[in-house]
Amino acid sequence: MKTEQLNQIQSWVEGYVDGFRQAPADLPPPLALKLDHTRHVAENAREIARELEWAPEDVRMAEALGWLHDVGRFSQFAEFGHLHDASSVNHGLRGFEIVRDSGLLAPLPVVCRTSLLEGIRHHNAKTIPETISPAGLPFLKLIRDADKLDIYRVVAEEIERDGFQELAGLWPHIELRGPVNPRLLREIRTRRDIDIRHVRSLADFLLLQAFWIYDLHYAPTRVRIRRRHVLETIGNHLPDDPAARKILDEIRNYLRDGAERKPGDAASSIRTDPDE
Ligand SMILES: [Fe+2]
């Protein structure tokens, strides 16, 4: 992807979001948060890709995917008044449809277009589908890492700001002061698929966030998680539940041992669009 193509994508996203402003400077708070998140994810994606020594055109693809990944959030909120996928729409699918139908990606080579659309579509999927194209896979892994990394920032800031009250208001099924759900603990301990319906309290939500660490793909992401003391923040806000503490310790050990690079991190072999 060329620099001007990346710039065009960024401008398109900003213009698209402007359509959801109630007054010239005014986005509804959850959408202002999402726009801010989008900027951070684009930055995370660029930085992680650079650190992985990806080719410059692939670094720009990674950043573009950061800009695009949550486009579906805006019409989701406008239509349903909340951001809870299970009771509205899958925002990855929504974003995929919006970008696909917009014509924005038409000037790009097919392989770039496919990779970006797959990345938007599946950035929030529970697991990576086996049908992903080989060229799209590194970008999908990267956006999932960059997205999680910023969600950790948002959660930490929201906890500091108001004890998570405003965000919890957007997920009516979450009880702020509820205990850890033993069924969720069991799923985490055995590293089984998490049933999202078992996340019922802020403590459950924080444990789920800690569990995501097992799902990170790239060493630079894990290093950032350590540097930003994400697990310490989560630990500070968990109830004193010995089973939950034990799980947190296990994840901390995993993170300490797993911060080094893995063979799959190597510079992408995909070279989507060499233009320099
Ligand atoms: Fe998302």
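Predicted model: local features only at pLDDT ≥ 70, side-chain atom pairs only at ≥ 80, totals over all residues.

Biologist: Which residues of the largest nonpolar core touch the most other members?

Modeller: A nonpolar core is a set of buried Ala, Val, Leu, Ile, Met, Phe, Trp, Tyr and Cys residues joined through side-chain atoms within 4.5 Å, where buried means under 20% relative accessible area, exposed over 50% and partly exposed in between (1.4 Å probe, protein chains only). The largest core has 79 residues, and those touching the most other members are I9, W54, L68, L105, L116, L142 and L207.

Biologist: Which helix gives the largest share of this core, and where does the core lie relative to the domains?

Modeller: Helices are DSSP runs (H or I, at least four residues), numbered from the N terminus. The largest share, nine residues, comes from helix α7 (residues 137-162). Domain bounds come from an automatic or database domain assignment; because domain 1 (3-146) and domain 2 (173-257) both give residues to the core, it lies between them.

Biologist: Why is the pair of W12 and Y16 classed as it is?

Modeller: Rings of Phe, Tyr and Trp (its six-membered ring) pair if their centres lie within 6.5 Å, and planes under 30 degrees apart count as stacked, over 60 as edge-to-face and the rest as tilted. The structure holds eight aromatic pairs. In this one the ring centres of W12 and Y16 are 5.2 Å apart and the planes are at 10°, so the pair is stacked.

Biologist: Is W12 buried or partly exposed, and which is Y16?

Modeller: Both residues lie in helix α1 (residues 3-18), four residues apart, about one turn of the helix. With 23% relative accessibility, W12 counts as partly exposed. Y16, at 19%, counts as buried.

Biologist: Which residues are the protein donors of the iron ion?

Modeller: Donors are N, O and S atoms within 2.8 Å of the metal (3.2 Å for Na, K and Ca); water is not among the atoms, so sites may look incomplete. In sequence the donor residues are spaced D-x20-H-x31-H. Lying 2.1 to 2.2 Å from the iron ion, the protein donors are D70 (OD), H91 (NE2) and H123 (NE2).

Notes. Residues numbered from 1 in each chain as written. Heavy atoms only, no water. Helix = DSSP H or I, 4+ residues; strand = E, 2+ residues; numbered from the N terminus.
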